[in-house]
Amino acid sequence: MEWQDEGIVLGMRRHGETSAIAEVMTLSHGRHLGLVRGGRSRTMRPVLQPGNRVSLSWRARLSEHLGEFRVEPLSQRAGLLMQSATALHGMRAMAALLRLLPERDPHRHLCEAVEVIIANLDDPVSAGELYVRFELALLNELGFGLDLARCAANGSMVDLVYVSPKSGRAVSRHAGAPYADRMLALPDFLRADINEAADPTGLAAGFRLTGFFLDRHVYEPRGIKPDSARDSFIAATLKALEKQETA
């Protein structure tokens, strides 16, 4: 069994005295683990850092085996990611989310989304918006997608300001007014009829929205807690955004 692919390193752990087990989100083979012989050497250790883009060759006797990776660096940016709290926590948070997916289950567009987010982690507005959309996409892949395109009550596609915590569907201002205290806020940057960048309030609402449904549909049923990197990323992003707005 053998294949070649490209992907983003999510993490690694030591194996024996000199080797490592690398975890990579690949374009065509999903989140995949493999043994890297000599992975703890001075040459390979910098390559296997989270956030780096790599070229992979995987080989195993049987498809269900762990197998071995041969890894070549394509873009080594882990050092840059470590220079920013937003970038460092953002990479860790995305890796934790991808671990919610079944291993070896292809999700090409999520892998491509991670690449885009990494390229924008130096911009708190772009990084925050992209991350919220990434969580929405992940919920959809797990079978819990939200419908934010039209009102659940009357089908309207405009003035959508709420999301029902029960159905995960958008609700218009008029239809949701009697139940406003029970609704989740739909931030403007997620509305199709508004083309605006997120402000700190809207971005915080976006994080609350995706966090609510991740807790309800993913973390609580599995009896697990969200990785602390998510809260750290949110705090760092909002702090950077507020600082940017007051500069």
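This is a predicted model: local features need pLDDT of at least 70, side-chain atom pairs count only at pLDDT 80 or more; totals for chains, interfaces and linings use all residues.
Let me begin with one pair of residues, because two strands pair if DSSP finds at least two bridges between them: Val9 stands opposite Val24, which lies in β2. Residues are numbered from 1 along each chain as its sequence is written, and side-chain values use heavy atoms, with hydrogens and water left out.

When I say strand or helix, I mean DSSP runs numbered from the N terminus, with at least two residues (E) for a strand and at least four (H or I) for a helix. Strand β1, residues 2-15, runs antiparallel to β2 and is joined to β2 by eight bridges. The two form a hairpin with three residues between them, and in that turn Gly16 has a positive phi of about 70 degrees.

On to the next neighbour of β2: how many bridges join β2 to strand β3? There are seven, and β3, residues 30-36, is antiparallel to β2. Here Met25 stands opposite Arg31 of β3, and a hairpin through three residues connects the two strands.

Is β2 itself, residues 19-26, mostly covered or mostly open? Eight of its eight residues are buried, where buried means under 20% relative accessible area, exposed means over 50%, and partly exposed lies in between, with a 1.4 Å probe and protein chains only. In a regular strand the side chains alternate between the two faces of the sheet. In β2, Ser19, Ile21, Glu23 and Met25 point one way, whereas Ala20, Ala22, Val24 and Thr26 point the other way, and all are buried. Take Ala20, which counts as buried because its relative accessibility is 0%. Between the C-alpha atoms of Ala20 and Ser41 there are 9.5 Å in space, although these residues are 21 apart in sequence.

Now let us turn to another sheet. Three strands form an open sheet in the order β7-β6-β8, with antiparallel pairing. Because β7 (170-172) and β8 stand at the edges, each with a single partner strand, one side of each is left without a neighbour in the sheet. Strand β6, residues 160-163, is joined to β7 by three bridges, and the two run antiparallel; within this pairing, Leu160 has Ser172 of β7 as its bridge partner.
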